[in-house]
Amino acid sequence: MGNYFQEEIECAPLEKIRALQDELLPKQVRYVWENVPYYRKKMEEQGVTPDDIKSAADLHKLPFLSKADLKAAYPYGLLAVPLKDCVRIQSTSGTTGKRVIVFYTQEDLDLWEDCCARAICAAGGTNEDVCQVSYGYGLFTGGAGLDGGSHKVGCLTVPTSSGNTERQIMFIMDLQATILCCTPSYAAYIGETLKEMGYKPEDIPLKAGIFGAEAWSEEMRRDIEKTLGIKAYDIYGLTEISGPGVAFECSEQRGMHIQEDHFIAEIIDPNTGEVLPEGSQGELVFTSLDKKAFPLIRYRTRDICTLTREKCSCGRTHVRMTKPKGRSDDMLIIRGVNVFPSQIETVLMNNGYAANYQIIVGRVNNTDTFEVKVEMTPDMFTDNLGEVQARRKVLEDGLKAMLGIKAKVTLVAPKSIARSEGKAVRVIDTRKI
Amino acid sequence: MSVNQVSVFLENKAGTLNKLTEVLAANNVNIRALSLAETSEFGIVRMLVNDVFEATNVLKENNFVATLTPVLAYAIEDKAGYLNNLLQNFSAAEVNIEYMYAFAGKERAYMIFRVNDTKRAESLLNSKGLKSLTQEEISAV
Ligand SMILES: [Zn+2]
């Protein structure tokens, strides 16, 4: 019923997936023990040795890794192979101040590209497609991952990278691109621009989009789907674990299948570290089962989500994760309340504004100030001052209802909110805490 | 006939109005009348221009949000009492004015009105012998 890149793995019965994980995990733990002194020390501190890990059920005995470990071990401390065996790095700016650098052997790249190829197939991609990769190329994993995946599927790959929207549109129209890969905010921007240029959804050759690397809401998905006339698929991944493709959506668009032949996912209580039963909401933790150069075990993603093994109509059997509620890295605490940018986005979209916004948090007299800059759109503008004020008030009320705290909404000119590498700068926090 | 007013959203910060006039000047759009309504957070510029099509195009190209609003324009004698006469007719016809602004020409003065039901207001005032100006007439002033 579907289009699979590696059907025998993606649709394998659960017992088969479990048996594979039971076989791979003990081997991988021993491999890391022998090759990564940093992690071996953590294991020793916790009083656990590779002999204690007999199957995937023993995973919970192992110590966690976090962003702090990546910082402490920077740059080579978590590398498990000699540098001569590595063929590539990717890097992401860390929130802890140090960049994260991860290493790949050729096998690691193959594994990663397979995952991205599976994602493209799940979005309906075949070798008949023209796949435009408008994620940033370079250190960012988005461009490299989808580019490699697109090759594996056999799509005609158009490596536009991010930015230069006019040129993006020229390639989409002239080469009749059918699949677009980029961040959701950039997809929305391309959509807006096409609309401004007078293109209707039916004039646009795209049929599917694979959008990730940023939090986005269901409302934003519907909006992008409508403007571009496509089906928009979510893709998940993080540089530390390999990049996009660790999990991705299928035609069901209800949760992202995690590639369980390569990664074990757990949900833990972020406060106690305790593993939670299936269906619970908690922090997502990944263990890579067969990566060679940068094999992280029990890496805490800080993403809050739930997992489900409910049968999926697409035929894939791998566990599904919900869209992260927000990376705990993205979460802001304003006046003592947890605020996820994705919640703000939902309110904006529900009220007819574009999802381009910026949150500005500051502190005056020991009280947090909270401002949301929202770009004015032609649809929301009228010549009536009172009406524009009233609409702004509706937005403020909506934010209050969603977040529980009051935000000041400032209306700004279109396209005045900076976008870098196609990834919008969403939060400016000037508090010195 | 009502005329098209160009209404433009402005952020309330230094230089934005000037950026607007710069864009219009660079494209040879002549502003016939202009009024600015503002709050502490944002402003709305309302203006009559000689070339509505060109004005909206260049504004959009320069990332301004602009919309067209139908307004009624009347020419009156530039003498004491004439505005009063005009407004008496509005009252008599029970036409509600949302906002208005004015500019003085060489011989006559021009009054621009935004009302809630433009078509109805226009015909009521027309029946009182008041003929609103057309886009061409305003452009020619
Ligand atoms: Zn599925």
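The questions and answers below concern a predicted model with a chain A and a chain B.

Q: How many helices and how many strands are there in chain A?
A: Chain A has 433 residues, and buried residues make up 57% of them. Among its contacts between residues at least 6 apart in sequence, 65% join residues at least 24 apart. As for its elements, the count in chain A is 11 helices and 22 strands.

Q: What share of the accessible surface of chain A belongs to carbon and sulfur atoms?
A: The accessible surface of chain A comes to about 17800 Å² in this predicted model. The part of that surface that belongs to carbon and sulfur atoms is 51%.

Q: Which elements of chain B do the buried residues of helix H2(B) pack against?
A: Helix H2 of chain B covers residues 52-61, and its buried residues are B:Val52, B:Ala55, B:Thr56, B:Val58 and B:Leu59. The partners that these buried residues pack against, all in chain B, are strand E1 (3-11), helix H1 (16-26), strand E3 (42-49), strand E4 (66-77) and helix H5 (135-140).

Q: Which residue caps the N-terminal end of H2(B)?
A: Beyond the other end, H2(B) is followed by B:Asn63, which has a positive phi, near 60°. At the N-terminal end, a side-chain oxygen lies 3.4 Å from the backbone nitrogen of B:Phe53, and the residue that supplies this oxygen as a cap is B:Asp51.

Q: What is the area buried between chain B and chain A?
A: The contact takes 20 residues from chain B and 19 residues from chain A. B:Phe9, B:Glu41 and B:Val65 supply 34% of the area that chain B buries against chain A, more than any other three residues. Carbon and sulfur atoms give 66% of the area buried between the two chains, and that area is about 1600 Å².

Q: Which element gives the most residues to the side of chain B that touches chain A?
A: Across this interface there are five residue pairs in polar contact. The elements that give two or more residues to the side of chain B are E1, strand E2 (31-38), E3, E4 and strand E5 (97-104). With five residues, the element that gives the most is E1(B).

Q: Why are A:Arg391 and A:Glu387 separated by about one helical turn?
A: The side chains of A:Arg391 and A:Glu387 meet in a salt bridge, with 3.0 Å from N to O. A:Arg391 is partly exposed at 23%, and A:Glu387 is partly exposed at 32%. The two are separated by about one helical turn because, in helix H11 (residues 385-403) of chain A, they are four residues apart.

Q: How many residues apart are A:Asp110 and A:Lys152?
A: The side chains of A:Asp110 and A:Lys152 meet in a salt bridge, with 3.2 Å from N to O. This pair links distant parts of the chain, since A:Asp110 lies in helix H5 (residues 106-122) and A:Lys152 in helix H6 (residues 141-153) of chain A, and their separation is 42 residues.

Key: Residues are numbered from 1 along each chain as its sequence is written. Chains are lettered from A and ligands numbered from 1 in the order in which they are written. This is a predicted model: local features need pLDDT of at least 70, side-chain atom pairs count only at pLDDT 80 or more; totals for chains, interfaces and linings use all residues. Side-chain values use heavy atoms; hydrogens and water are left out. Buried means under 20% relative accessible area, exposed over 50%, partly exposed in between (1.4 Å probe, protein chains only). Contact means heavy atoms within 4.5 Å. A polar contact is a pair of N or O atoms within 3.5 Å; within protein, one must be able to donate a hydrogen and the other to accept it, and residues adjacent in sequence count only if both atoms are side-chain atoms. Accessible areas come from the Shrake-Rupley method with a 1.4 Å probe; for residues, only the protein chains shown count as cover. Buried area is the accessible area (1.4 Å probe) that two parts lose on being put together, summed over both. A salt bridge is a side-chain nitrogen of Lys or Arg within 4 Å of a carboxyl oxygen of Asp or Glu.
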